[in-house]
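Try each one before you read its solution.

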Amino acid sequence: MSSIKFYYGDSVPLEMHKARIVQKLNLVPVDYRLKAIAIAGNNTFLLKNRDVFMDMLTDSGVNAMSDQQLAAMMIADDSYAGSETFTKLENKIEEIFGKKYFLPAHQGRACENIISQVLVKPGSIVPMNYHFTTSKSHIVLNGGSVEEILIDEGLKVNSEHPFKGNTDIEKLKKSIEKHGAEKIAFVRLEAGTNLIGGQPFSLENMREVSEVCKQFGIILVLDASLLADNLYFIKVREDQCKDLSIREITREISDLPDVIYFSGRKLGCARGGGICTNDREMCLKIRELIPLYEGFLTYGGMSVREIEAMTVGLEETMDENMINQGPLFIAYMTEELQKKGVPVVTPPGGLGCHLNAMEFLSHVPQNRYPAGALAAAVYIASGVRGMERGTMSEQRDENGVEPLSNMELLRLAMPRRVFTLSQVKYAVDRIAWLYENRELVGGLTFIEEPKILRFFFGRLAPISDWQNRLVAKFKSDFADSL
Ligand code: F0G
């Protein structure tokens, strides 16, 4: 895709696939959207998908599958124990990641639950490049705490750094010095670092982290859920890897950690997950919990059809023309928004295009949830559903104090091979309009606030009648357009 040049120079990402099954979309009128977001408590997680035009909430479990994946699903071996379908996946994992033992789980957070139960004790510390919501919650539930050791550049919304997901090696060494290696349950590296805008780490940086872990005898765990994007960025941004194939880069990475886990809803474009390792002792400890929480060892809560699709999906992930579609569409959207002055996270990462709500709505204070307010406003203006990744996604501490997030982002995820470029252009148009009218957007306040993972089902109300004023301006600018 990236190697195709256009004669007139108007370079756009070109899809290396065609759509043969499609799903009808609805774009409901703006008055209806205003009602729908109110019914959803201004939380995009609570919208009904039938009221959504472009669902950019997540790329989790919603990537397009290939014809080869669908075909494989038809020949799944549906046996409770010893399924041939599982053996195929186990072999593919060993072939790609070089790990002998594979333990299946129903999704990524199930792996996090099990790994945390096995490795985290009360008082344990888990240093990591950056936390993900569920990974942190499981560590905290087991009495541990997370220490973020991301490079400072990673938290700068706009930067030229090609690897904003890198670990600060000095911070890692200081953390070990401060707590002592025996208190560190494991070091966690997240590929395609989700909460800072889908930003990758470099292979070189991962090697340095691994060396430090080895020196102190600390377990290194890789969260490979967003590995596909990270592989692509290593290939195109890291000089020393430009002549390596995606398969070779994968192996260089996977030889470093002791344990790899992933959400198959992201990696491999199916639904499920798993943990792999070469450490037999570790495998035996983890294995005890799989039948307890997930299912027998040859399905782990996954449907065998999804396991077949995952095996094919992992193989397809080794194709640069497959894994570059997301990053190239995201770069296109990010750059088009930038041309219109809209504040976005740069450089463009994987996963999705991220709007910088802190700057977009600089008049909305963080305790009024600018990223959540922007999510509601983007839905009203366009029918596009994004996900708040800011203070709403944080959790109050035991004293009820609300930590303010480092960043206030509205994530517009790009499910792989799902949207067309004209749909992306539509989203850019409506977001640019909203940016011109940003003064009309106000904040939100919780009216129902769950204690854990409140962003999933918390309900909020707008402060003032800003949403009605936004709709009135929409109608005066767009007349009878949807
Ligand atoms: N790790 C990372 C980096 C993730 O992005 C996710 C999920 C998980 C673990 C958990 O995996 O959903 O299969 O249980 N991210 C989704 C998202 C929810 O929308 O970004 P899961």
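Domain bounds come from an automatic or database domain assignment. Keep in mind that this is a predicted model.

**Exercise 1.** Work out how the chain is divided into domains, and what the side of domain 1 that touches domain 2 is made of.

*Solution.* Next, take the centres over C-alpha atoms, and you get 28 Å between the two domains. Now look at the contact, which draws 21 residues from domain 1 and 25 residues from domain 2. On the domain 1 side, α13 (325-339) and β9 (352-356) are the elements that give two or more residues. β9 gives the most, with three residues. Finally, sort that side by class: eight nonpolar, ten polar and three charged.

**Exercise 2.** Find the residues that surround the ligand, and sort them by class.

*Solution.* There are 16 residues around the ligand, and the closest are T58, Q107, G108, R109 and S263. Two elements, α4 (108-119) and α5 (133-141), each give two or more residues to this shell. By class, the shell holds two nonpolar, ten polar and four charged residues.

**Exercise 3.** Describe how α4 packs against helix α10 (residues 280-293).

*Solution.* First, get the geometry: the angle is about 135°, and the axes are 10 Å apart. So α4 is oblique to α10. Then check the handedness: α4 passes α10 in a right-handed crossing. Last, list who touches whom: α4 uses A110, N113, I114, Q117 and V118, while α10 uses K285, I286, L289 and Y293. These contact residues divide into six nonpolar, two polar and one charged.

Notes
Residues numbered from 1 in each chain as written. Predicted model: local features only at pLDDT ≥ 70, side-chain atom pairs only at ≥ 80, totals over all residues. Near = placed C-beta within 6 Å. Helix = DSSP H or I, 4+ residues; strand = E, 2+ residues; numbered from the N terminus. Nonpolar A, V, L, I, M, F, W, Y, C, P; charged D, E, K, R; others polar. Axes fitted to C-alpha atoms, helices over the stretch in contact; angles between N-to-C directions. Parallel < 35°, antiparallel > 145°, perpendicular 65-115°, else oblique. Left-handed = near helix turned anticlockwise from the far one by under 90°. Contact = placed C-beta atoms within 7 Å.
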